[in-house]
Amino acid sequence: MRNCSEILNEILNKRGITSEEQIEEFLSDRPQQTYDPFLLDGMQEGVDLLLSEIDKGGRICIYGDYDADGVTSICIMSHGIGQLTDNWFYYIPSRFEEGYGLNIKALDKIKHQGATMLVTVDCGCVSYNEVEYAKSIGLKVIVTDHHNIEDTIADCIVIDSKKPEKYLEGREPYPFKDLAGCGVAFKFVQALQRKTGFAKAALNDCLDMVAIGTIGDIVSLRDENRTLTKYGMAIANTGRRKALSSLAKAISLENITSENVAFGIVPHINATGRMDSASEAVELFVSDDDMVIDEKIHKLMSCNNERKRIQEKAYENCIDLVTGDEDFIVLYLPDMHEGIAGIVAGKLKDRYFRPVIIVTPSGDGFLKGTGRSIPSIDIYDVLNKNSSLFVRFGGHRSACGFLMPEEKLEQLREGVAREIKALKYSNENLFEKKIETDTSLVPGEVSVELAKELTKLAPFGEGNPNPRFLFKDVIIKGLSYMGENRTHARFSICSENNGTRDYANCVFFRRAQEYSNILESGNRLSLIGTVSYQVWRGQERVQVIVEEIL
């Protein structure tokens, strides 16, 4: 059997982290992999323009999105600009009345509130027409964003880590393309601090929001994102932001981990934008007032409960509409609550392992679409090849959104079907679901020591998943079922090693009845799972969380 260090190094090497320097950086509590914010094209010009407007007494509007990345981006940008002026406000469009991104009606409202400058976060990079309108009514515009830019770019200062070389006018691209919107907002605040010299502590005050937004937007947790998220998670667990600690406690989180952020905190933030107004979440995180914090947390929890109720009903209805033969699922659902369309699309994507678009009416003869995709298909690229159908369109490889005329829905179906047919022709394994494992383990290698060592690889998420292990030729012992309808199971896995038997405790959630015949057969089997470390009533425990039985 291998020791813990050997197993850890094998995982790191498989993930391309091979040199002593790379390993030290990856495992460090104080990583250093970060870049000069002024390497972002447009940063110097954007900072100078903002500071000039502040000096003139201008009124700044920070314009964001209604998801966790947008909410945290607003918190970050407002904190930075707030170091220099009190003459600012923020605006989040209504998902239901305005939709994602810049829109003309919102710009009129913002101008009416006395704004002289618009600073976007997590949106705006391709909003050419809206930016032109903003300029026509006297608004100066700075865009900070992280979405893809193809043939259209807003004609203003655009700060985007994904900006293509054709728009860089000879400048080098930013060294890391996968910043979330909150990451770009943080780099802008970092540049403001360097230019003006306000207290560096103000940057640290933002890092918890960077971590939450970065995890929530499912961008790669490697390179600079790992550095920002690691520092941010450490700050989140200090209790420095009272509102965040209170929210964690309210939803029964003992500590704040990347998994707890992804499956606990982020859904509660997103629920406000889905069911009500994302401003509720912003007001929570910028407040120190106990009464305000309690009120907003109650709102977030109420919205999330309502979201789950509506979502489950909608998901079950969608299953009845899917034949299972589609290579690209496009569902027109006139009665669906559009706030949960994206989540339902994601659940259908996972169930059928196909890209999914859900389309709902937005009024005035238009349809709003939300898409989610599997790893092997770039949904942004597929839809971008049909971009002539859309009035508005944006997104990235795994998720996208658009607005289109109702009469073009069939053209969209035909267009995506054509693109998927071409992809299948060039890749016959397009829909083959692959479960990657980091290495094999034998039950005797599962220990508290190993589980503790594996936590050094956190934060986990896109680009750096919780390590998955393959257990070969093991026997199930001590099987017991749990939950209503015996949907979960506990058991041990056993293998022989040089004449001795080694055991590891396992838990299998949700699908125990689906695999009951295999679990009860007594035959040797293989399974894939992650190693979980827990402390319960002062006792350290380790168990394997089973994901697949082979």
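Modeller: In helix α6, which spans residues 128–136, E130, V131 and A134 are buried. This is a predicted model, where local features need pLDDT of at least 70, side-chain atom pairs count only at pLDDT 80 or more, and totals for chains, interfaces and linings use all residues. Residues are numbered from 1 along each chain as its sequence is written, and side-chain values use heavy atoms, with hydrogens and water left out.

Colleague: What makes the buried residues of α6 line one face of the helix?

Modeller: Viewed down the axis of α6, they fall within an arc of 100 degrees, so they line one face; the arc is that of the directions from the helix axis to the C-beta atoms. On the other side of α6, N129 and S136 are exposed.

Colleague: And what covers the buried residues of α6?

Modeller: The cover includes α5 (104–112), β4 (140–145) and β9 (392–395), with contact meaning heavy atoms within 4.5 Å.

Colleague: Why is C4 called buried?

Modeller: Buried means under 20% relative accessible area, exposed over 50%, and partly exposed in between (1.4 Å probe, protein chains only). C4 has 9%, so C4 counts as buried. With 0%, C61 is buried too.

Key: Helix = DSSP H or I, 4+ residues; strand = E, 2+ residues; numbered from the N terminus.
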